[in-house]
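Hi,

Here is the structure I said I'd pass on. Have a look, and my notes on its helix packing follow below.

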Amino acid sequence: MNNIRIELSNIMGFIVEKDLASLQQSASNQYQNLINKTGQGNEFLGWITLPGDISDNMIDDIINVAETISTKTEIMVVIGIGGSYLGARAVIEALGHSFYELQEQQEHPLVLFAGQNISEKYLTDLLHILDKKEYAITVISKSGTTTEPAIAFRILKNHLEHKYGVQEARHRIIAITDKEKGALKQLADEEGYKTFVVPDDVGGRYSVLTPVGLLPIAVAGFDIRKLLKGAKDFWEYISKSMVDNDLNPVLEYAAARNALYQTGKKIEMMISYDPELFYFTEWWKQLYGESEGKEGKGIFPAGASFTTDLHSMGQYIQDGERHIFETVISVDKPVSELRIPSDENNLDKLNYLAGKRIHEVNIMAETGTILAHVDGNVPNIKISIPEISEYNLGQLIYFFEMACGISGYMLGVNPFDQPGVEAYKNNMFALLGKPGYEKETETIRKRIGHEGP
Ligand code: PA5
């Protein structure tokens, strides 16, 4: 079953139709490379069959751990960065109450995040909150060696042990990491933490449907079975459509964005009119940026939340340099209903909207903006889902992952590695004087002309 619709009519004026058709054929060929494991990075293709492969026992284990944690904590701090962070946050923010932490009754722990920055203020503020709350920690790092989450974990582990004692702290820490490698795995084994494994063949940014995403999402009270079912159904739909030789939204999206890229549209802005999708856009930015931006190539993934950002970015998008195209995630139906009231005096002159749902206004803003931007030479791809739910998010996650793998292959890069991320780390380690970096430390200190802060 497929709940995702794609509309390409608003790119047609910007590309040659037969180029699109040939890119759709190329997308189809690259799909075969993915599923036959004949392309680059094929040791990281576990995500393709993941929604069907994950066992009932594993799902039960995740749900049980989430329930146990929920009975004794008010807050779960999820420590991780990049692919070990964004997927969970994207789903939790998309499905959750906009002001969950302010609600009087909270059925599930509030999920907070750490280890996604190196901010002293952020961690200090978090510790102040945790002083007064019952909490637990989930620490996530596939490599088990990433600096940002390692620092946050050291600080929070220390806090937890002081608050509850070493024994109880051990019952309040869950580690999600490699099955055998890395400092986190070693620490987890020594301390006896409950652990979940990040499969070897699933890279960080493709890992939201493993315990990396599923545990925090379950702790936040959302139905991970429905999320996985959405992804699985979409995978089955895509597989069948490929066997039947039908065009499907994945091929259409991969082909459309590459067709636009070839015409000089180098920036793709993901646009959402539903603010709860803000972190979904962040997840998508990482997925596409880290997968495609290589060897001097790649569409630059950017994001905006409309109508908010129409009042900051709108001018540029309408009228600035013409190197942008937009991909709108459009949601047919919101989960709540609110109408604009009538006002006897009508001093604000809004009575022409009286009785209308807020959503109707939002949809008109979306339609009007798409037309205005197309008139301003910003092509538009529209991807629609019926509503924001676990099931549909599962479909969207799988849709974007598959399109990303295909699209990376179409560009001629390996979408499953990230060699460029190492450059900043090496400099940071050299500047901090990490053992083993002595030569680099000397070079970089000469380059900046001092010893650092
Ligand atoms: O997609 C990726 O591989 C990265 O974004 C990683 O998820 C990120 O760097 C965190 O790595 P790790 O889970 O090893 O700490």
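Helices here are DSSP runs of H or I, at least four residues, numbered from the N terminus.

Before the rest, some background: this is a predicted model, where local features need pLDDT of at least 70, side-chain atom pairs count only at pLDDT 80 or more, and totals for chains, interfaces and linings use all residues. Residues are numbered from 1 along each chain as its sequence is written, and side-chain values use heavy atoms, with hydrogens and water left out.

Back to that pair. Helix α1 covers residues 17-35 and α11 residues 249-262; their axes come within 8 Å and cross at roughly 125° (axes are lines fitted to C-alpha atoms over the stretch in contact, with angles from 0 to 180 degrees between N-to-C directions). That makes α1 oblique to α11 (under 35 degrees is roughly parallel, over 145 roughly antiparallel, 65 to 115 roughly perpendicular, the rest oblique). On the α1 side, the contact (heavy atoms within 4.5 Å) includes Leu20, Leu23 and Tyr31, and on the α11 side Leu251 and Glu252 are among the residues.

The other pair is α4 (residues 86-95) and α12 (residues 278-292), packed at about 155° with axes 7 Å apart. They are therefore roughly antiparallel to each other, and their crossing is left-handed. From α4 come Leu86, Gly87, Arg89, Ala90 and Glu93, meeting Tyr279, Phe280, Glu282, Trp283 and Gln286 of α12.

Cheers

Terms used
Helix = DSSP H or I, 4+ residues; strand = E, 2+ residues; numbered from the N terminus. Left-handed = near helix turned anticlockwise from the far one by under 90°.
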